[in-house]
Amino acid sequence: MDERQLTLLAGAGSAALLIAALGFQAVGYAPCELCILQRWPHVAAIAVAVLVWWTGRVRALAVLGMIAAGIAMGLAIYHTGVEWKLWAGPSHCSGTIGNLATMSPQDLMTRLQNAPVVRCDEVAWRFLGLSMAAWNAIFSAGLAIMWGLAAKRAKQA
């Protein structure tokens with residue numbers, strides 16, 4: 001497999017991850033804020049793969065694809081840590097609504113109405129003991145390696 005095919009396969013891998021995420025969403029697994037945030041680097045990686053296909057310039061673009069996949073992996077690791085309670089997540093999707101004793105009824109209602117429906121620190125689905133975020137981290141790491149191999153194999157600047 002040459003470097004251009006590797007970039008297209010990596011872009012297709014990001015597309016497959018997005019399709020899987022949308023499939024889970026279609027069957028009722030609503031995404032949390034961190035889940036949605038993890039999707040954007042895959043969108044960027046797909047765009048980079050399209051640019052490689054369109055321009056034929058592999059090396060610089062493959063580095064961008066590797067960065068995008070690495071960001072997706074980093075966000076997924078962060079989300080997995082939030083799910084495993086290794087560190088705190090964003091307070092608006094994994095924290096509490098605050099100190100009830102000091103809130104006025106109107107402040108409490110405002111906080112409740114603005115609270116997200118899906119929490120970032122609760123796992124909705126597991127396979128082999130790993131959440132969707134953990135699987136995204138693993139697959140994103142593999143995609144980053146593919147992008148890196150393509151960049152290393154490329155002969156152009």
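Visitor: Where is His42 found, and why is it called buried?
Guide: His42 is found in helix α2 of what is a predicted model. Its relative accessible area is 2%, and the cut-off for buried is under 20%, so His42 counts as buried.

Visitor: What is His42 in contact with, once its neighbours within four places in sequence are left aside?
Guide: The contacts of His42 are Ser14, Leu17, Leu18, Ala72, Asn136, Ser140 and Leu143. Each of them has heavy atoms within 4.5 Å of His42, because that is what contact means here.

Visitor: What makes Arg57 partly exposed?
Guide: Arg57 has a relative accessible area of 46%. Arg57 is in the loop between α2 and α3.

Visitor: How far apart are Arg57 and Arg4, in sequence and in space?
Guide: Along the chain, 53 residues separate Arg57 and Arg4. In space, their C-alpha atoms are 8.5 Å apart.

Visitor: What makes a set of residues a nonpolar core, and which members of the largest one touch the most others?
Guide: The members have to be buried nonpolar residues joined through side-chain atoms within 4.5 Å. The largest such core holds 18 residues, and Val58, Ala62 and Trp147 touch the most other members. Two or more residues come from each of α1 (3-26), α2 (33-55), α3 (59-83) and α6 (132-153). With six residues, α6 gives the most.

Visitor: What does Ala62 touch?
Guide: Not counting residues up to four places away in sequence, Ala62 touches Thr7, Trp147, Ala150 and Ala151.

Visitor: What lines the largest pocket, and what is its volume?
Guide: The volume is about 580 Å³, and the lining takes in 30 residues. Ala21, Phe24, Cys35, Met132 and Ala133 lie nearest the centre of the pocket. The elements giving two or more residues to the lining are α1, α2, α3 and α6. The largest share is from α1, with six residues.

Visitor: How many helices and strands are there, and in what order do they run?
Guide: The chain has six helices and two strands. From the N terminus, the order is α-α-α-α-α-β-β-α.

Visitor: How many of the contacts join residues at least 24 apart?
Guide: Among contacts between residues at least 6 apart in sequence, 78% do.

Visitor: And what about burial and surface for the chain?
Guide: Of the 157 residues, 34% are buried. The accessible surface is about 9,200 Å², and carbon and sulfur atoms account for 69% of that.

Key
Residues numbered from 1 in each chain as written. Predicted model: local features only at pLDDT ≥ 70, side-chain atom pairs only at ≥ 80, totals over all residues. Heavy atoms only, no water. Helix = DSSP H or I, 4+ residues; strand = E, 2+ residues; numbered from the N terminus. Buried < 20%, exposed > 50% of the residue type's maximum accessible area, 1.4 Å probe, protein only. Areas by Shrake-Rupley, 256 points an atom, 1.4 Å probe, with all protein chains shown as cover. 1 Å grid on protein atoms, 1.4 Å probe; cavity = no way out; pocket = protein on both sides within 12 Å on 5 of 7 lines; lining within 4 Å. Points joined across faces, edges and corners; volume = space filled by probe spheres on them.
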